[in-house]
Amino acid sequence: MPLMCIFLCMMLMYHRRMGSLTRLPSLALLRCFETSAKHESFTAAAEELGLTQGAVSRQVKELEQQLGATLFRRIGRGIKLTEAGQSFAQALTSDLQRIRQTVDKVVATGSRPQALSIAALPTFGSRWLVPRLRAFRDLHPDVELLVQSRAEPFDLVEARVDVAIHFGGFDWPGAQLTPLCPERLVVVAAPALLSDGAPGTLEGIIALPLLHLSARPSLWEDFIKAADPNAQVPRSGARFDQFSLVIAAAVEGMGVAILPTYLIENELAAGQLVQLADGPSSKGQSYFVATPLGTHSALANAFTAWVRQQVRTRSD
């Protein structure tokens, strides 16, 4: 639960215990406390806020009275945060920053075209999504697209990302996941590597140099063991950290690769790569569209519907 929600719930419970529902502390009181906590000085806070030291002190005292908690200890002519004050300051700083970002976004929306922030898996983004994005932009010509590469789940709200493409299971905390499509893997090689013709057996395939993806090291083992549980799995072969590099190596005839069909549509159509066999199962993993949990964005929903339609069109 976001910290601001926790704070609001605490305030609601406090006021109900007091027997009446009154308004929350004003932003001015919260700002005075936040600045005083940052400096642990009413004088320094007053200088930053353009107020008198006495005014800052009075506003912090009023906030303490409203909360029913001591936020500072007065030590001589100085102040020190109490334990409650430290916890409140940490939460409040984060929440006020989030409010500032929200206000900035509203201001930006009023002065610039509406923006959609998209995060995509690196190779998926460059080879499948970006070549199709013009179609989405044509449908939404007034939308500014902000595209970035992300390989792992992250905090969508903190990163201010509206929608992301995810591969895996239902394993993205804080995100609403909409199924996109399963992954179909195939075993492929360049014609130049197949001087004696495409091998028709498992033994013929694994006799060729194998290309490995570091992030998914079990692909070849899964493929081989599914075909023959007693077969030996070769461990040799070049290794790469991105599908894009595996694709480039396969096209250049460096070896046989296991690749998702959607990443090599052009290479298969042009004959640069030849399918030798179906690849292994993705073990229940799939592609999803991820959006921040608990939020509603008409533009993110429009993008989700559009990208799912692109997948359906490709499959037809």
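Me: Is Ser 87 buried, partly exposed or exposed?

Reply: Burial is read from relative accessible area: buried means under 20%, exposed over 50%, and partly exposed in between (1.4 Å probe, protein chains only). Ser 87 has a relative accessible area of 46%, so Ser 87 is partly exposed. This is a predicted model, in which local features need pLDDT of at least 70, side-chain atom pairs count only at pLDDT 80 or more, and totals for chains, interfaces and linings use all residues. Residues are numbered from 1 along each chain as its sequence is written, and side-chain values use heavy atoms, with hydrogens and water left out.

Me: Where does Ser 87 lie?

Reply: Helices (H or I, at least four residues) and strands (E, at least two) are DSSP runs, numbered from the N terminus. Ser 87 belongs to helix H5, residues 83-111.

Me: What is the mean pLDDT of the protein?

Reply: pLDDT is the predictor's confidence in each residue, from 0 to 100. The mean here is 86, and 88% of the residues reach 70 or more. Residues 1-21 have pLDDT below 50, although the model gives this stretch 21 contacts beyond near neighbours in sequence. Where pLDDT is low, the predicted coordinates should not be read in detail.

Me: Which residues touch the most other members of the largest nonpolar core?

Reply: In soluble globular proteins, nonpolar side chains tend to be buried together. A nonpolar core is a set of buried Ala, Val, Leu, Ile, Met, Phe, Trp, Tyr and Cys residues joined through side-chain atoms within 4.5 Å. The largest one has 39 residues, and Leu 129, Leu 259 and Phe 303 touch the most other members. A second, separate core has 20 residues, including Leu 67, Leu 81, Leu 92 and Leu 96.

Me: What is Phe 303 in contact with?

Reply: Contact means heavy atoms within 4.5 Å. With neighbours within four places in sequence left aside, Phe 303 is in contact with Leu 116, Ile 118, Leu 129, Leu 133, Phe 136 and Val 163. Val 163 is also one of the contacts of Thr 291, among them Leu 156, Asp 162 and Thr 304, on the same exclusion of neighbours within four places. Thr 291 sits in strand E12, residues 286-292, and is buried at a relative accessible area of 14%.

Me: How many salt bridges are there?

Reply: Side chains of opposite charge can pair when their charged atoms come close. A salt bridge is a side-chain nitrogen of Lys or Arg within 4 Å of a carboxyl oxygen of Asp or Glu. The count is nine. In one of them Lys 38 meets Glu 48 at 3.0 Å, N to O. Lys 38 is in helix H2 (residues 27-39) and Glu 48 in helix H3 (residues 42-49), so the pair ties together parts 10 residues apart in sequence. Lys 38 is exposed at 54%, whereas Glu 48 is partly exposed at 36%.

Me: Which parts of the chain does the pair of Glu 265 and Arg 132 link?

Reply: The side chains of Glu 265 and Arg 132 form a salt bridge at 3.2 Å, N to O. This pair links distant parts of the chain, helix H11 (residues 265-270) and helix H6 (residues 122-139), with the partners 133 residues apart. Glu 265 is partly exposed at 25%, and Arg 132 is buried at 19%.
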